[in-house]
Number of protein chains: 2
Amino acid sequence: MMISQQTTGPVPGRVLAADLSRHAGHDVVLEGWLHRKRALKSVVFLVLRDRSGLSQVVLTDPSAMAGADGLTEETVLRVRGTVTENPQAPGGCEVTSPEVTALSGPAAAPPFDLYRPAVPATLPTVLDHAPVALRHPRLRAPHAIAAASVAGFRSALDTRGFTEIHTPKVVASATESGANVFAIDWFGSDAYLAQSPQFFKQAMVGVFERVYETGPVFRAEPHDTARHLAQYTSLDVELGFVSDHREVMAVLRDVLAAMADSVTRRAAEECALLDVDVPRVPERIPEIHFADAQELIARHTDKDPRGEPDLAPAHERFLSAWALREHGSEFLFVTGYPMAKRPFYTHPEPGREEYSNSFDLLFRGLELVTGGQRLHRYEDYLDALQRRGESPEPYAGYLAAFRHGMPPHGGFALGLERWTARLTGADNIRRTTLFPRDLHRLTP
Amino acid sequence: MMISQQTTGPVPGRVLAADLSRHAGHDVVLEGWLHRKRALKSVVFLVLRDRSGLSQVVLTDPSAMAGADGLTEETVLRVRGTVTENPQAPGGCEVTSPEVTALSGPAAAPPFDLYRPAVPATLPTVLDHAPVALRHPRLRAPHAIAAASVAGFRSALDTRGFTEIHTPKVVASATESGANVFAIDWFGSDAYLAQSPQFFKQAMVGVFERVYETGPVFRAEPHDTARHLAQYTSLDVELGFVSDHREVMAVLRDVLAAMADSVTRRAAEECALLDVDVPRVPERIPEIHFADAQELIARHTDKDPRGEPDLAPAHERFLSAWALREHGSEFLFVTGYPMAKRPFYTHPEPGREEYSNSFDLLFRGLELVTGGQRLHRYEDYLDALQRRGESPEPYAGYLAAFRHGMPPHGGFALGLERWTARLTGADNIRRTTLFPRDLHRLTP
């Protein structure tokens, strides 16, 4: 057995662990991390981990066994050997008569054992050591599911005439909401990190009619909770020529179905590992108006929320359970939220102006998506700002699009990390964020 | 003719301009912007613009013609009428006997005529009025080409086992390069906008082996040039288990081919409009070593660049022209750049340690992509930092991944706006950026 550190020269036909059984009886090259080493009296097992899974390498030659002494877990190895069928081995095959080469130096011990099926570490330990901790298959899996989700999101929109956009993350004024913005020194001027691409995506409806963006948004959240992050990935959609918010909801329904389908197809193993129950997205997601939801809550719980402008978390959970019971759906649209609690660009409900043409989508007890129809007439924007006692001045750039003709439009935003957390049953959104940023965390 | 502003109620079967000819002889609904109005003595032509193109609406009824008096260009219209074949009309069809409804208020006049084939405005005017200006088909087209490019980028990588990642845009220290960072007030602490996802994508090679990201990066560029932006979209790739930088170059070649193919298929009309010559990406992009490139320049120009650590822009143009002449390729890899000018994580060239396993890709005379093999051993990082007189302290989080076993790896970054600018022949990168951010521009 050779423990060299030579890394150059072509590697003929590297085989991934998942494909090993197709090469039974042949010599192959495997490359990956030493996931686990088990040294018994007359045999040493090396479990190798690559992006496709695990494979077992068997050393029985005494000098090879001795050579494995210095191999620490997480060291990167290249293994040349023979694929031998063995019903006892994971996947029915193992690699025998191996020649093992270290491609990295001997790895320092990880902060916890990456080979144990469960994660033997607290969340802070996981986050502090993310570059290594995320190699654990259970900690890695949510991010594969997130990637599959975004792929589904885009494919649904690409086939429906949407155009992807990339908008500024630095803005001159905190337009979405005055609070919770991060200030930047912009060549000596004041600027802010964008809290959403809201205004840009609306303006782009004037250009492409239908647009989406998958990018970072920033909230200076002073809350240290399991649900809040200072940076998250927002999946944003906006479309023109809608009759009202229901056309937006129909697009969202199709997007969710494509995301669920993509997760099922592209992250099947990760779903199996985490026991993810990918939701069925009904052809038509049930919906309930905010006013009716309050009636329902008043009738069936010991609280009477009527008069409140928003739903309490407990009531979101109640409504979600109701939708599952009554409609067999894990998704529920709550529509018509009071204007008082929606942003100024929200379109009111025709005939009931205290309510809005907006919606939240509840998924498994939590709000997952917010969206709705927006105002599209310049005059309506001026009125809306005046009613809120705000000057149109700071919104001049935003309002320009509406002065020059904008169609009825609407859209929605879906938080990727929140979706993945709900899907995987994560107890904290930080488990579905690669390198979370929050009140207390700026590293790694 | 009805000029109402009613917007609710379902719109049965909206037809896009591009599909009009399929409905010849039938009644349809069109929706879009009034691109141009031409009032003649006995007929008024309305040219309607939607996301698919232009259509012509013909008013001949005197009262309808009178009703069109108040319609200003860019007002959003719904038109119900009969599709009538007319060889003189654009696309061979026009809409006759129309009922026209305004969906927006009368639009204010744009800063320049959007219907003229050429853009009758300077770049600053275009940028100041981006939400309206980008509606001009020639100004909109680069962004459709950019979207098609990114779709091609992702599809090439998705089919090659890469996983998409989303990394922090706010970091605790300016690790990529000390200069040109934007400072942020992070809940009272100092933080910076990330100049690249370099360290995160490398760490993620330890998790997924092959990763990519399409996201914003930030450079506090004090240069006010046609090539520099303070925010741009970086298409980042990193892959493990490479033998050297050539495997990275092979992936880049395939990615470029997929991007070119996607542009050809998904943005055909925009390419035609802008006269874009989509480059052929050769099966094998020619390459020249930096040292040989210097020899070549010394031999064939009146400058002797030997001893210089980098290529001058004029020399990049010379090499690009040479590659086209000698190899029939609009792309050229220059490999082996001197270590002195590459970042500390660059892998040196084995046997010629003053050179590196890095590359630039030149496209039509300009550097488009930078990439290479990275160091992967912890000790090598410590050495490299020491040689540059830097302490490993600020890099602790970054270096952690390498302490725990990392494979030989490399990657590259491609600036989306720069690619699109080269492709479309734009004279300024701001023409391929939706809402540019630079030294002087924070709005709209």
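So, A:L416: buried, at a relative accessible area of 3%, where buried means under 20% with a 1.4 Å probe on protein chains only. Keep in mind that this is a predicted model, with local features needing pLDDT of at least 70, side-chain atom pairs counting only at pLDDT 80 or more, and totals for chains, interfaces and linings using all residues. Residues are numbered from 1 along each chain as written, chains are lettered from A in written order, and side-chain values use heavy atoms, without hydrogens or water.

What does A:L416 touch, leaving aside neighbours within four places in sequence? On its own chain, A:A146, A:S149, A:V150, A:T233 and A:L235, and across in the other chain, B:H166; contact here is heavy atoms within 4.5 Å.

Next, A:G415. This one is buried too, at 11%, and touches A:Y232, A:T233 and A:L368, not counting residues up to four places away. UniProt, in an unreviewed entry, lists A:G415 and A:L416 among its "binding site" positions; such annotations may be inferred rather than shown by experiment.

Okay, the interface. 97 residues of chain A contact 97 of chain B. Together the chains bury about 7,900 Å², 64% of it on carbon and sulfur atoms; that's accessible area (1.4 Å probe) lost on putting the two together, summed over both. There are eight salt bridges between them, meaning a Lys or Arg side-chain nitrogen within 4 Å of an Asp or Glu carboxyl oxygen. One of them joins A:E209 and B:R51, at 3.0 Å, N to O.

Methods
Buried < 20%, exposed > 50% of the residue type's maximum accessible area, 1.4 Å probe, protein only.
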